[in-house]
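This report describes selected features of one chain and its contact with a partner chain. The sequence and the structure are shown first.

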Amino acid sequence: MANCLNILTSGFTVDGLVQQLINGLTLGSIYALIALGYSMVYGVLELINFAHGDVFMIGTFVVLGVVDRFGLTDQSSLVVVIPALLVAMIAAMAVCAALGFTIEKVAYRPLRNAPRLAPLISAIGVSFVLEAWVATYVSANYFTLPNLIQGEIPILSDVSISYVQILMFVASLAMMFFLQQLVQRTHLGRGMRAVAQDRDAAALMGVNMNRVVSFTFVIGSALAAVAALLWTLNFSFNQTVGFIAGLKAFTAAVIGGIGNIPGAMLGGFLLGLAESLGAGYISNLTCGVFNSSYQNVFAFAFLILMLVLRPSGILREHVSERA
Amino acid sequence: MFRTRGLAVLASATLLPLAFACGSTGSGSGGGTASTCKPDSVAAVPAQTAAFSAKLASVVHRAVQTANDPIIKIGFIGILSGQYASYGVDEQRGAQLAIDAANAAGVSYNGTSYTLQLDSQDDAADPTKGAQGATKLVDDQVVAVIGGTFSGATIAESKIFSDNGITQISPSATNPKYTSQGFKTAFRVVGRDDQQGPADADFIVKTLGCLNVGVMDDKSQYGQGLADAVNAQVTVDKGTVVDREHVDTNQTDFSAQLTTMKGHNPDVIFYGGYSAQFGPIVQQARRLGIKATFVSGDGSQDASAIQLAGSDAEGLFASNAGPAPSLQPGYAAFQAAYKAKYNADIFQYAPQSFDATNIIISAIKAGGADKAAILAGVTATNNYQGVAQSYTFTSTGDVKESIFTIYKVESGAWKAVKAVTLNVS
């Protein structure tokens, strides 16, 4: 028992806790950006777009290509890095948006009136195609970018938040804000909300279904491209990164309430925190019985519990009603 | 209601298989002691000149071979695709060079001269694929096999070769289980992780003088095995394992584990796993402000680790099985021949693969191309002098003179700093 009490607090510092919170929120902000794509597509089409994670993966490789072409290194000054990253972001957004549009047109639109499972399988197929294509024609190796943005701001005695982390957090909040504006204020955004509420009534009211759906995919993929840029600044990636990140982002979207934009953001942050705090403190909380290798078990068990308690998500799902 | 519950169930069902990851050991807790830790005091040893000319360099005449010479197939199985293909392809080239040299000089036994051929299969470091490749080699009636490259697949293949009496020599598999299964046909020409681990631990505690060690691994058969061995030996050497962390082979964000590790203040962090993760782990650790020295095993001692770690690669240590190139007697001549044929540099285990193939060829010359005779010949190998080192096999199929080398990254490249030789009985 005494040993258990010992383990409960071993290695615990306030600094460590704050650092884990920062880690969780930054990781969560990337999940949130990817989750938005899943959420919107599900809201409009009731389709789980399994290929979305791989569109994100393509984004990471586009960023790699641009950074490579600019010849950036650790020593490159911000004067060169910032414009290069902007170019990378625009390029990634363009490529991902085009890819998302094409996937929808080729793999999902023909199946729009087919039984629900058909587009789902089609999505899985697209996912496999993208991964295999990258592995064969680009590379199966892992890649990292050089340390392009360096420096941090110290917070507590032993904790600092790096500029990259601040960027990740700010960028994802900014994207959510823009998305909300887009959905609430523009013509196409109104169309999206109408289709999400009631597909047939929207069609009767003159909403162009095809255009709305394409728009949804394009926006979702562009957001995934931003997430890809932020990912590459901090983590390594190869052709499989889309699968894991995508699955977790989809989970985040469901937790927050599928079809619900603030819900996707909330879900993303929550999942990031659950992973971070879980990995950091499972050992302490369970008296050493479970260690950090149970990180995924812990995070997903927590999420399954949340779903059981509140199946439609924290902020309630938002999908179209069928009379 | 029905729909939302269905979606919740679907999501849970999709997640459940993903979530299960197994861990084994718990983490230690520890206090700190005054540090004698001086990682910067260890530097590269200067290269030694080679005084040995490899057999292949001296081959001049071509044996007269007729088209009727019976063909003997020697199998090769290893990683020929995927991100670790460099290892397998390198070994395949080493084996091919040995076969070409032997064919040029002529292979004969009891008056019959043979032509050797290499039959290659890809296991992509995957046990299932390895089993399929091994079965194919058995069907192709190979008389012996060089392979696999990584331990997981090698162990899966060893059963199939043992069941068919085919001698298997691995140039690089280091997990102890491979030769402890009791298969008479399983051999390796490098040391084992239960020797590499203690060598690493001794290096950390005794040579670097660092007593507070954090241990991480990737839960793979190789990585966790190596990390467990280091963990045990650090404690035996009177060091303290302050924290034990595990990551997943697919993981890219290590900040949670690293932050916990940071809270325990290790002087040295040992990582058991492969370079694809070691590089990013080091990079992320430095960003979190972790100043500890990083040490890893042979899975990380390659160019990819330096490339992925970027500017944080300086000062990294990694051990590798086998003597350093600068300490291998026949290295220079072998490297020249390798470059001449393949227009590339040796990646890692080509010398070991070359030596393993030659051990088999020697057995063929001594006892014929029959599987049982080859097995007997290889088992009886005694002080066979190869390019890398001299080999004698123990009763379990391990090599008696087990050599490990510790490397350090200096000026963007791996340089040998220490050689450890264990004489196993």
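In chain B, six strands form an open sheet of mixed pairing, in the order S2-S3-S1-S4-S5-S6. Strand S2 (107-109) and strand S6 (186-188) of chain B are the edge strands, each pairing on one side only. From one strand to the next, the twist averages 30°. The model is a predicted one.

Within this sheet, strand S4 (residues 144-147) and strand S5 (residues 167-170) of chain B run parallel and are joined by three bridges. Val145(B) has Gln168(B) of S5(B) as its bridge partner. H2(B) packs on the sheet, where it touches strand S1 (71-78), S2, strand S3 (112-122) and S4 of chain B. The direction of H2(B) makes about 170° with that of S3(B).

**Overall composition of chain B**

Chain B contains 13 helices and 15 strands. Of its 425 residues, 58% are buried. Among the contacts in chain B with a separation of 6 or more, 71% are between residues 24 or more positions apart.

**Packing of two helices**

Two packed helices are described by the angle between their axes and the distance between the axes. For helix H2 (residues 85-105) and helix H12 (residues 350-367) of chain B, the angle is about 40° and the axes are 7 Å apart. H2(B) and H12(B) are therefore oblique to each other. The crossing in which H2(B) passes H12(B) is right-handed. On the H2(B) side, the residues in contact include Gly94(B), Ala95(B), Leu97(B) and Ala98(B), and on the H12(B) side they include Phe354(B), Thr357(B), Asn358(B) and Ile361(B). By class, this contact of H2(B) with H12(B) has nine nonpolar, four polar and three charged residues.

Strand S11 (residues 317-321) of chain B is mostly covered, with five of its five residues buried. In a regular strand the side chains alternate between the two faces of the sheet. Phe317(B), Ser319(B) and Ala321(B) point one way from S11(B), whereas Ala318(B) and Asn320(B) point the other way. S10(B) and S11(B) run parallel and are joined by two bridges. Ser296(B) has Ala318(B) of S11(B) as its bridge partner.

Between strand S10 (293-296) and helix H10 (303-309) of chain B lies the loop that contains Ser300(B). Is Ser300(B) buried or exposed? Ser300(B) is buried, because 31 other C-beta atoms lie within 10 Å. Not counting residues up to four places away in sequence, Ser300(B) touches Tyr271(B), Tyr274(B), Ser275(B), Phe278(B), Ala305(B) and Ala318(B). Lys408(B) is 108 residues from Ser300(B) along the chain, and the C-alpha atoms of the two are separated by 11 Å.

**Contact between chains A and B**

The contact takes 51 residues from chain A and 41 residues from chain B. On the side of chain B that touches chain A, the elements giving two or more residues are helix H1 (2-19), strand S8 (240-246), helix H8 (255-263) and helix H9 (275-287) of chain B. H1(B) gives the most to this side, with nine residues. The table gives the classes of the residues on the side of chain B that touches chain A.

| Class, side of chain B that touches chain A | Number |
|---|---|
| Nonpolar residues | twelve residues |
| Polar residues | 22 residues |

Notes: Residues are numbered from 1 along each chain as its sequence is written. Chains are lettered from A and ligands numbered from 1 in the order in which they are written. This is a predicted model: local features need pLDDT of at least 70, side-chain atom pairs count only at pLDDT 80 or more; totals for chains, interfaces and linings use all residues. Helices (H or I, at least four residues) and strands (E, at least two) are DSSP runs, numbered from the N terminus. A residue is buried if 20 or more other C-beta atoms lie within 10 Å of its own, exposed if 12 or fewer, and partly exposed in between; C-beta atoms are placed from the backbone. Two residues are in contact if their C-beta atoms, placed from the backbone, lie within 7 Å. Ala, Val, Leu, Ile, Met, Phe, Trp, Tyr, Cys and Pro count as nonpolar, Asp, Glu, Lys and Arg as charged, and the others, Gly among them, as polar. Axes are lines fitted to C-alpha atoms, for helices over the stretch in contact, and angles run from 0 to 180 degrees between N-to-C directions. Angles under 35 degrees count as roughly parallel, over 145 as roughly antiparallel, 65 to 115 as roughly perpendicular and the rest as oblique. A crossing is left-handed if the near helix is turned anticlockwise from the far one by less than a right angle, and right-handed if clockwise. Two strands pair if DSSP finds at least two bridges between them.
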